[in-house]
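Please work through the exercises below with the sequence and the coordinates open, and try each task before reading its solution.

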Amino acid sequence: MNTQLYVLTGFLGSGKTTVLLRLLKELKGHRIGIIQNEFGKLGIDGTILRNDDIEMVEINRGSIFCSCLKLNFVQALAEMAQQDFEYLFVESSGWGDPSNVQEILEAAKIVANKEYDFRGVICFVDAVNFLKQVEDEETTYRQLKHCNLAVITKTDIADEVLIGKVNDKIREINPVCEIIRSENGKMDYSFLKKDLLIYQWAECEETTNSIETKPKSIFLEYDGQVEKEKLHTFLEKIAADVHRVKGFCNLKEIGWTQVDVVGTLIDYKESEVFEKSQLVFISKIGPAVIRNIMSAWETCVGTEMKLKN
Amino acid sequence: MEIKVIGAGCEKCGKLYENVQDAIKKAGCEAEVERVEDLIEIVKLGVMTAPSLMIDGKLVISGRVAKTSEIVKLLK
């Protein structure tokens, strides 16, 4: 039997990893492969996903659909095809524009001499931030246009009127895809049994991902601990300049914490222990974000930290 | 001589193409240079890293931008 392949897309912070983690629990006992495309060079989501039952390959430093990385992606797909997984999930980076996914699968088939049972592209749509994102970002539009199933996430923190508007917008962009909801990562997994490819309508086209359109990402590291309130003020101050912040921080009051910022939402979860605290910022304003991060950190936190490209 | 500059269209592939053009002028040889950017064509050539350089069907540079002087030697 050929490996069932799902490609997960969705803008930065739309909940791809959260749902994937739940899905892995749901599929416990099955042989599963994951190709994780992390935006920054450190696979932060990779750390969350690492676990003995699954095999994961990481492709970092850009989008797997971009000309600079798509050969690596083809190679990873071809190698994973030899391993006879039941399922392979490709989690693309939030900036990933999957318009050319068909071309990539075709190339992988040639290399591997083996075909995937391609089950579809699932696009995650952040109920809270989507309407703003789709106005600003071509990527968000393309992700939806080229999906077979759209999952509206974070419906537990968005009101019905907003969710209705999001639903209408999805329909405007993609008139045929199936639309379902997820609440806190929980959703109906019956799509795994369905033929999602009947909801295919957009034709393969050139991706918008390129070196020129790649947003700037920057890393912040610190040793020791900082106060949660200070970090929170810092994150609030910087939130407007970034698409996304995520990472792991050692905080005075609560210890090691996973930090997620999407739009104005700042979320904290308990995490495992790391060597040092690290946050990755994906900029909305290009390299200018570096100065803003430095001055906001100085004002709000004031302790020593290092910024890295 | 038939030369293929292989890469899906990134900046490095462009640089390798430029260096190949320079090398041909310096070596004073006649060559037909083709850029292979189509993903399917690339994998059909058996190439999995970019940018790469093929001379008369033989892969001579794989996954890096070779300097003009190095390409001149390969052309001779």
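**Exercise 1: A helix in chain B**

Just after helix 1 of chain B, Gly28(B) takes a positive phi of about 65°. The model is a predicted one, in which local features need pLDDT of at least 70, side-chain atom pairs count only at pLDDT 80 or more, and totals for chains, interfaces and linings use all residues. Residues are numbered from 1 along each chain as its sequence is written, while chains are lettered from A and ligands numbered from 1 in the order in which they are written.

Task: Which residues of helix 1 of chain B are buried, and against which elements do they pack?

Solution. Begin with the extent of the element, where helices (H or I, at least four residues) and strands (E, at least two) are DSSP runs numbered from the N terminus. Helix 1 (residues 11-27) of chain B has 17 residues and reaches 24 Å from its first C-alpha to its last, close to the 24 Å expected at 1.5 Å a residue (the expected span is 1.5 Å times one less than the number of residues).

Next, apply the burial criterion, by which a residue is buried if 20 or more other C-beta atoms, placed from the backbone, lie within 10 Å of its own, exposed if 12 or fewer, and partly exposed in between. Cys13(B), Leu16(B), Tyr17(B), Asn19(B), Val20(B), Ala23(B) and Ile24(B) are buried in this helix. They cover an arc of only 165° around the axis, which puts them on the same side of helix 1 of chain B; the arc is that of the directions from the helix axis to the C-beta atoms. An α-helix has 3.6 residues a turn, so residues three or four places apart point the same way.

Finally, the packing partners of these buried residues are strand 1 (2-6), strand 2 (32-36), strand 3 (52-55) and helix 3 (68-75) of chain B, with a contact meaning that two C-beta atoms, placed from the backbone, lie within 7 Å.

**Exercise 2: The open sheet of chain A**

Task: In what order do the eight strands of the open sheet in chain A lie, and which of them stand at the edges?

Solution. The order is 3-2-4-1-5-6-7-8, with mixed pairing, two strands being paired if DSSP finds at least two bridges between them. Strand 3 (54-59) and strand 8 (186-187) of chain A each have a single partner strand, so one side of each is left without a neighbour in the sheet.

**Exercise 3: A glycine in a loop**

Task: Is Gly62(A) buried or exposed, and with which residues is Gly62(A) in contact beyond its neighbours within four places in sequence?

Solution. Gly62(A) lies in the loop between strand 3 and helix 3 of chain A. Because 26 other C-beta atoms are within 10 Å, Gly62(A) is buried. Leaving aside the neighbours within four places in sequence, the contacts of Gly62(A) are Cys68(A), Leu69(A) and Lys214(A).

**Exercise 4: Where the chains meet**

Task: How many residues does each chain bring to the contact, and which helix of chain A gives the most?

Solution. Chain A contributes 13 residues and chain B twelve residues. Helix 3 (70-81) and helix 4 (101-112) of chain A each supply at least two residues of the side of chain A that touches chain B, and helix 4 of chain A gives the most, with six residues.
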